Amino acid sequence: MRYKNVYFIGIGGIGMSAIARYYKFKGCAVSGYDRTPSDLTHALEAEGIAVHYKDKPECIPAAVKDTLVVYTPAVPADFGELVSARERGYRVIKRSQMLGEITAGQRCLAVAGTHGKTTTSTLVAHILTESGSGCSAFLGGISKNYGTNMLVSHTPTVVAEADEFDRSFHQLHPAIAAITAMDADHLDIYGDLAHVQEAFRIFASQVTETIILKYGLPIKQSDVSAKIFTYHFDDRRADFHSENLRLDATGHYTFDLVYPGGVLSDIRVGALGWVNVENSIAAAAICLCYGIDAQKVRHAIGTFEGAQRRLDVHLNTPGLTYIDDYAHHPAELASAISSVRQIFPGRKLTGIFQPHLYTRTRDFAPEFARALSGLDKLILLDIYPAREEPIPGVTSEIVFRDVTAPEKVLITRDELLPLLEQEPLDVLLTLGAGNIDRFIEPITEMLRKRQ
């Protein structure tokens, strides 16, 4: 390792924290800044990584030549620590470039897509680990099986979530990759769907061996040098697809996987919802192409517990259920809502949604309204701004007014818990990528007291 110190600006991000943990494992002195304390930063501190929460350039290790500075693109260009590091001559690189450098010397298995990539890549890592093959993994969520977003192995194979934000995934050159979806998103960066799709084609062209596409995605063999396979939930035209799908009383699906090598029967999916059947098919396709034994693939899918904040069940009783999901794009909302509907038919579904980013809310307001109309009751919160400044006229109201759910209410975050205290609930679903996760614990505790 060339550097003794690795310093992270934005260390509490899900992708940044995984790389921080990797370098701690490699024996570097790791430290960093984040804007606010969180469960992730507390976990990093417990692991011996120093984290501070104010813009303090003096916290960057003084040895310039022995220190690498890694930053997230969510940090503003004029942020004091970032400006100082550049002026003082440190090597300063983006997180995506760092991930590209880590994976360059290994066999990379990557999952890209505007949704589904976190669960699918986490499942790929689980299959490789559970099968005994082993891998290192940099994940966009916390694996519930391992309690972390980073796995380390001496096997020279790395699983990576390939993030399209800021074109980060162009830093990766995977041997095998899957693309789960190519919907319009991050239009503040891409401008329109055509440029989103072009970015995915560039990523696909960098795959060296095999690319596994959700059936129907607009990538052709002439766009890539890798061999193309397709997958789908149940479309028989796809190379990998499900047949004989059945749902048990606990909400778990079992299916037969049809694939080029034959049929793998009776795969029980450990994670809930039809969307995890589709994620399992994509992950199985990657692992079968990689060379994992089919029976080991089946076993591992059955022991997969999912990723935190992805159809994450916090309470499940006959009369009261609470599930949390990271969905923040209309297509993700529709998938989460329909998955929960299928698991709990006939029960009243109440959803709490916190929109994420002013630009995304502006760009997809009609689509958000359509997806949220699948609820029986919507509780809509204010927009979580993340890295953005307010846009005049863009509020949650532009979504709320077009929602056709039988019941709906628009409230602030401060009003949420008092409202829920009085609310008759059956199946409750929290949705969003902002700080709505801060409510998970108090909501769970409140609902347990109702039992």
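His232 is buried, with a relative accessible area of 18%. That falls below the cut-off for burial, which is under 20%. The model is a predicted one. Where does His232 sit in the chain? It lies in the loop between strand β12 (227-231) and strand β13 (241-247). The side chain of His232 also reaches the backbone nitrogen of Asp234, at 3.1 Å. What surrounds His232, once neighbours within four places in sequence are set aside? Its contacts are Lys214, Tyr215, Ala238, Phe240, His241, Ser242, Glu278 and Ile281.

Now step back to the whole chain. Its secondary structure comes to 14 helices and 21 strands. The radius of gyration is 22 Å, close to the 22 Å that the globule rule gives for 451 residues, so the chain is as compact as a globular protein of that length. Along its principal axes, the C-alpha trace spans about 65 × 55 × 40 Å. Of the 451 residues, 59% count as buried. The chain exposes about 17800 Å², and carbon and sulfur atoms supply 50% of that area. Take the contacts with a separation of 6 or more: residues 24 or more positions apart account for 64% of them.

Next comes the interior. In soluble globular proteins, nonpolar side chains tend to be buried together. Here, the largest nonpolar core has 128 residues. Which residues have the most contacts inside this core? They are Phe8, Tyr23, Ile179 and Leu257. Helix α8 (residues 274-290) gives the most to this core, with twelve residues.

Look at Leu257 in more detail. Not counting residues up to four places away in sequence, Leu257 touches Phe240, His241, Gly262, Val263, Leu264, Ile267, Ile281, Ala284 and Leu288.

Start with α3 (residues 80-87), whose buried residues are Glu81, Leu82, Ser84 and Ala85. Why do they line one face of the helix? Seen down the axis of α3, the buried residues fall within an arc of 165°, so they line one face. What covers them includes the strands β1 (5-9), β2 (29-33), β3 (50-52), β4 (67-71) and β5 (91-94). After α3 comes Gly89, with a positive phi near 90°.

Helix α4 (residues 95-104) is mostly covered. How many of its ten residues are buried? The count is seven. They are Arg95, Ser96, Met98, Leu99, Gly100, Ile102 and Thr103. The cover over these residues includes helix α1 (14-25). It also includes strands β4, β5, β6 (107-112), β7 (136-143) and β9.

Loops hold buried residues too. Val75 is in the loop between β4 and α3. At 13% relative accessibility, Val75 counts as buried. Not counting residues up to four places away in sequence, Val75 touches Ile9 and Leu82. Leu82 is one of the buried residues of α3. How does Val75 stand to Asp437, which is 362 residues away along the chain? Their C-alpha atoms are separated by 21 Å.

His170 is another case. It lies in the loop between β9 (157-162) and β10 (176-179). Is His170 buried or exposed? His170 is buried, with a relative accessible area of 18%. Its contacts, not counting residues up to four places away in sequence, are Ala199, Ile202, Phe203 and Gln206.

Finally, turn to the backbone. Asp266 has a phi near 55°, a positive value in a residue other than glycine. Asp266 is found in strand β15 (residues 262-268). At 43% relative accessibility, Asp266 counts as partly exposed. Ala386 also has a positive phi, near 50°, and is likewise a residue other than glycine. Where is Ala386 placed? Ala386 sits in the loop between β19 (377-380) and α12 (397-400). At 21% relative accessibility, Ala386 counts as partly exposed.

Key:
Residues are numbered from 1 along each chain as its sequence is written. This is a predicted model: local features need pLDDT of at least 70, side-chain atom pairs count only at pLDDT 80 or more; totals for chains, interfaces and linings use all residues. Side-chain values use heavy atoms; hydrogens and water are left out. Helices (H or I, at least four residues) and strands (E, at least two) are DSSP runs, numbered from the N terminus. Buried means under 20% relative accessible area, exposed over 50%, partly exposed in between (1.4 Å probe, protein chains only). A polar contact is a pair of N or O atoms within 3.5 Å; within protein, one must be able to donate a hydrogen and the other to accept it, and residues adjacent in sequence count only if both atoms are side-chain atoms. Contact means heavy atoms within 4.5 Å. The arc is that of the directions from the helix axis to the C-beta atoms. The radius of gyration is taken over C-alpha atoms; the globule rule is 2.2 Å times the number of residues to the power 0.38. Accessible areas come from the Shrake-Rupley method with a 1.4 Å probe; for residues, only the protein chains shown count as cover. A nonpolar core is a set of buried Ala, Val, Leu, Ile, Met, Phe, Trp, Tyr and Cys residues joined through side-chain atoms within 4.5 Å.
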